[in-house]
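Look at the structure below and keep it open while you read. The text goes through it part by part.

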Amino acid sequence: MNVKVVVRGKVRGAVLCAQKPVNFLGGIDKKTGRVRDEKHDLFGKFIGNKILVFPNGIGSSVGAYTIYSLKYNQSAPLAIVCLKADITTASGCAISNIPLVVAEKKDYESLKDGQEILVDAIEGKIL
Amino acid sequence: MELTREEESTLDGKHGETLALAYRILVAIGEATDADKLVPVEWAHLSGVNYNTIGDAGEEFLSRLSKDAKFKIKTTVNPMGFDSDSVSKFHLDEEFVAKQQSIKKSYVKMGAIPSFSCIPYEIFELPKNGTQVSFAESNAAIYANSVSALKTNKESAFSALASALTGKSPYSDLREEENRKPNLTIRMKTEPADELTYGLLGYFAGKQAGSSVAISGTKGLDRRSCKSLCAGMGTSGSCGMFTLGEEEGEKMDFDYKEMARVKDELNTSESGDIITLGSPQLGLEEISDLVAKLKGRSFRKQCMIFCPRAIQGQIRNLGYDKELARAGGEILYDCCTCLTPLVDKENIDAVVTNSVKGAYYLKASNDVDVSLKSLHQIIEEETK
């Protein structure tokens, strides 16, 4: 599928899909990458070393630092695929060199948990 | 996004790694929001000051950055983790205090005004209507767009930082007049029209709305309620602006059922061990009102009152500090309910607050329960 590139890079990994938007600050533990928001559908899961798929980021502007901290603590996602790239996620990924792409709705919905994909955020493709 | 030749060469590193990094952030946001160019902004307000939120990664990053970076425009900063004047009373570990001081030093070294406030719109003189600014801190961005007649996107800590370093931001979303018109109206059908109801309404609206939302049926929307509305809205979603009155397009009711649903989500306790007032921080007007409400009364338990340092002089001149101390209230400057390490789950099980934003982060980040009460209820039930 073709995707829009927001932050460049190329990486292969397993998909982890979130149904709900993510508030990185408070929602994700910045050291371990564990989802700590009890009301989130990924509660208890770890987002590190996965291709994280979620609709968009919400909430605090400091969430960008959470993304940077995840990278620093080696608990960051390998890449992020979203439906709408918000400013917090885009800037957090830009500073942390985490590839970020935006997918069309029908492509986005075809991504399944555990699926191995290659995110080519240079050519703008997911294979 | 089109860059000028000068911007292009800065992105390529001609003017150093710091500015190249700032432009990389601007380009990513530009791509994310479909901007076609960068525009000048006059004022950046930064979040990412509290060591509790940015951690070692943030502290080290800012320390490195401050070696050669200088802010290009007026730059103000969000609250930090504690009030230096009273921090010794709170038994924070030394490392926290040292790392927080390092963060403060880095921002000041780069040229930030040490405001440590989440209400820049209330304590600084505002530029003329329509001026482009770059406000991280979600309540401040929403307030700036909706009340202060300024233009900003709901910036992130890094996007506002990139604006501070370059004086620019991508021209997109709420910076463009045509995107500011809401296509969803939320009809307020609830009473009482106090700050708690507005906070809950904001939290509901933030979940439903895109970039901008209309709110109809409001009454008694004073500054306190307005700040509460902005803070609630900024917490739950990506919405960066509201207008008042009905607009064309979709309509949605905020009725008692919806209000109860939001309150159930955030209110996790019947009572609390301490009270916190201020998220957003209280301005002089709210302090003056609080002093009047506390005449002849005193708090039954510890009450922390969070304010910007900018109003400390006026608070003292007017004798409000003595009045609040008499009533058992403790004023804390430079910090805020949200994400303060001063509320620690080791010593505190639950907090009483009128802040919907505070409630969300107290639970999500500090892991303490919250009893949501309006200021009116707090005065009735938590003072004698």
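**Two crossing helices**

In chain B, the axes of helix 8 (residues 195–208) and helix 10 (residues 256–266) come within 10 Å and cross at roughly 95°. Axes are lines fitted to C-alpha atoms, for helices over the stretch in contact, and angles run from 0 to 180 degrees between N-to-C directions. Helices (H or I, at least four residues) and strands (E, at least two) are DSSP runs, numbered from the N terminus. Helix 8 of chain B and helix 10 of chain B are therefore roughly perpendicular to each other; angles under 35 degrees count as roughly parallel, over 145 as roughly antiparallel, 65 to 115 as roughly perpendicular and the rest as oblique.

Contact means heavy atoms within 4.5 Å. Among the residues that make the contact are Leu200(B) and Phe204(B) of helix 8 of chain B, and Met259(B) and Val262(B) of helix 10 of chain B.

This is a predicted model: local features need pLDDT of at least 70, side-chain atom pairs count only at pLDDT 80 or more, and totals for chains, interfaces and linings use all residues. Residues are numbered from 1 along each chain as its sequence is written, chains are lettered from A and ligands numbered from 1 in the order in which they are written, and side-chain values use heavy atoms, with hydrogens and water left out.

Chain B is divided into domain 1 (5–176), domain 2 (181–264) and domain 3 (267–382), with bounds from an automatic or database domain assignment. The C-alpha centres of domain 2 and domain 3 of chain B lie 23 Å apart. Their contact takes 14 residues from domain 2 of chain B and 20 residues from domain 3 of chain B.

Next comes the interior. Buried means under 20% relative accessible area, exposed over 50%, partly exposed in between (1.4 Å probe, protein chains only). In helix 6 (residues 138–146) of chain B, eight of the nine residues are buried. The elements that cover them include helix 9 (223–236) and helix 14 (356–364) of chain B.

A nonpolar core is a set of buried Ala, Val, Leu, Ile, Met, Phe, Trp, Tyr and Cys residues joined through side-chain atoms within 4.5 Å. The largest one has 128 residues, and Tyr65(A), Phe61(B) and Tyr107(B) have the most contacts inside it. Helix 2 (residues 17–32) of chain B gives the largest share of this core, eight residues.

In chain A, Val102(A) lies in strand 5 (residues 100–102). Val102(A) counts as buried because its relative accessibility is 15%.
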